[in-house]
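Subject: Structure handover

Hi there,

Here is the structure I promised to pass on. Have a look at it first, and then read on for what I found.

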Amino acid sequence: MAAPVRGMIGSTSIGNTTSFQKKTRSKLVSIPGTRPSVQNGQLLVSSGVSSLDYVIGGGLAVGTLLLVEEDHYDSYSRMLLKYFLAEGVVCGHELFLASARDHPDDIMQELPSPIVDDVAGMKISEGQSQPSDPENPDTMKIAWRYQNQPKVQTALASSVRFGHYYDVSKTMEPELRQAAKCHSFYQLQETPVVTASSPLPSPYHSLLKSIQTVIRKEGFDGSTPQSKVRNVLRLGLHSLGSVLWGDDVCCKDNPAHCHALTTFLYILRGLLRTSLSVAMVTVPSHLTQNRAVMGRIIRLSDTAIALESFKGSEKETNPLYKDYHGLLHVRQLPRLNCLSCEVPDTKDLAFKLKRKQFTIERLHLPPDLSETTVSP
């Protein structure tokens with residue numbers, strides 16, 4: 001029941017105040033290298049590959065985890081990890097790199113070099129249809145029925161520039177790389193810790209402790225104010241689930257540590273959700289014998305993609321895939337602050353490594369140029 005009007009008038013005349021307040025829009029966190037999502041307002045960072053940002057909904061949301069299923073030779077998944085780290089260096093983000101095979105310093109020395117804006121502008125325009133000139137002698141003469149058809153738009157790019165572009169044929173300048181603050185974790189140099197009460201193997205337990213220490217000491221969780229402007233922590237965890245991490249999920253159908261990696265990811269997501277951090281984790285899924293375990297690993301990630309390289313397979317010599325180096329499969333997309341996820345306009349995606357750039361494009365087959373036609 002509403003209050004009497006007389007009482008309302010008296011209360012406002014005595015104190016000259018009211019219980020109604022004007023609703024003001026909260027200020028967005030301003031951090032270099034970030035932007036808010038147009039779908040859910042979540043703060044986004046670039047993965048370093050603009051076409052991958054387009055596929056997963058505009059970028060990686062801060063506080064989330066991106067899972068990358070490695071290709072068989074760990075060539076392109078390792079390249080995605082280096083793109084992710086290089087973008088953090090250029091944007092001034094702090095880095096945390098963990099590996100059990102190669103030393104983190106060796107991976108950092110392989111980061112690609114950023115390219116200038118005018119070259120990047122040329123890359124965006126690639127794949128767009130160009131009008132055919134019938135007067136040009138170099139105009140296509142064969143397959144005349146396709147002469148005036150527009151070219152297939154294969155390039156994946158947003159109308160708004162986000163992130164940077166990199167030249168994989170060159171490595172980043174040492175001065176630029178050393179200016180970034182990077183925390184490293186090398187499994188082979190860590191002292192094994194006996195944890196009888198912990199369900200995690202010693203390497204995973206030590207890695208979580210190291211990540212938690214960096215997040216708290218550097219103030220990414222908000223518990224202690226950061227010394228300077230607010231920043232983002234990028235976590236790059238290479239080849240989790242391999243034997244070098246003390247995990248046997250890749251060796252047996254019924255591993256003894258079948259819940260080790262899933263428990264690690266569950267705790268890691270809790271740390272990410274309460275901090276200004278974003279993680280990219282690569283996993284050798286092709287070595288995992290138990291597919292049910294791999295399914296749980298995917299569901300414990302916010303975004304999951306898989307790289308299928310043509311190297312060493314029959315598709316490498318297949319003329320249908322001559323323009324590509326592999327396929328990209330989107331396993332899972334994040335659902336943040338909404339009931340549904342951003343669905344890509346196509347699921348047929350392929351990647352290729354050009355002379356200077358790694359790109360993801362729409363997969364399309366070449367036109368049928370045979371002279372025989374089938375009547376309906």
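Leaving aside neighbours within four places in sequence, which residues is Ser210 in contact with? Keep in mind that this is a predicted model. In this model, Ser210 is in contact with Phe96 and Phe185. Ser210 belongs to helix H7, and with a relative accessible area of 21% it is partly exposed. Between Ser210 and Phe96 there are 114 residues along the chain, while their C-alpha atoms are separated by 9.6 Å.

Next, the aromatic residues. I count 9 aromatic pairs in the structure. In one of them, the ring centres of Tyr83 and Tyr166 are 5.9 Å apart and the planes stand at 80°, so this pair is edge-to-face. Tyr83 is in helix H3 (residues 76–91) and Tyr166 is in strand S7 (residues 166–171), so the pair ties together parts that are 83 residues apart in sequence. Tyr83 is buried, with a relative accessible area of 1%, and Tyr166 counts as buried at 1% relative accessibility.

The pair of Tyr204 and Trp245 is stacked, at 6.2 Å centre to centre with 25° between the planes. This pair links distant parts of the chain, 41 residues apart: Tyr204 sits in helix H7 (residues 202–217), and Trp245 in the loop between strand S9 (233–237) and helix H8 (260–273). Both Tyr204 and Trp245 are buried.

Ring pairs also join Tyr76, Tyr83, Tyr166, Phe351 and Phe358 into a cluster.

The charged end of Arg234 sits over the ring of Phe84, 4.9 Å from its centre. Lys311 lies over the face of Tyr73, at 5.3 Å from the ring centre.

Finally, a helix packing to look at. H8 packs with helix H9 (residues 291–299) at an angle of about 5°, and their axes are 10 Å apart. Angles under 35 degrees count as roughly parallel, which makes H8 roughly parallel to H9. From H8, the residues Leu261, Thr262, Leu265 and Arg269 meet Arg296, Ile297 and Arg299 of H9. Sorted by class, this contact of H8 with H9 has 3 nonpolar, 1 polar and 3 charged residues.

That is what I have for now.

Best wishes

Definitions and conventions: Residues are numbered from 1 along each chain as its sequence is written. This is a predicted model: local features need pLDDT of at least 70, side-chain atom pairs count only at pLDDT 80 or more; totals for chains, interfaces and linings use all residues. Side-chain values use heavy atoms; hydrogens and water are left out. Rings of Phe, Tyr and Trp (its six-membered ring) pair if their centres lie within 6.5 Å; planes under 30 degrees apart count as stacked, over 60 as edge-to-face and the rest as tilted. Helices (H or I, at least four residues) and strands (E, at least two) are DSSP runs, numbered from the N terminus. Buried means under 20% relative accessible area, exposed over 50%, partly exposed in between (1.4 Å probe, protein chains only). A charge sits over a ring if NZ of Lys or CZ of Arg is within 6 Å of the ring centre and within 35 degrees of the ring normal. Axes are lines fitted to C-alpha atoms, for helices over the stretch in contact, and angles run from 0 to 180 degrees between N-to-C directions. Angles under 35 degrees count as roughly parallel, over 145 as roughly antiparallel, 65 to 115 as roughly perpendicular and the rest as oblique. Contact means heavy atoms within 4.5 Å. Ala, Val, Leu, Ile, Met, Phe, Trp, Tyr, Cys and Pro count as nonpolar, Asp, Glu, Lys and Arg as charged, and the others, Gly among them, as polar.
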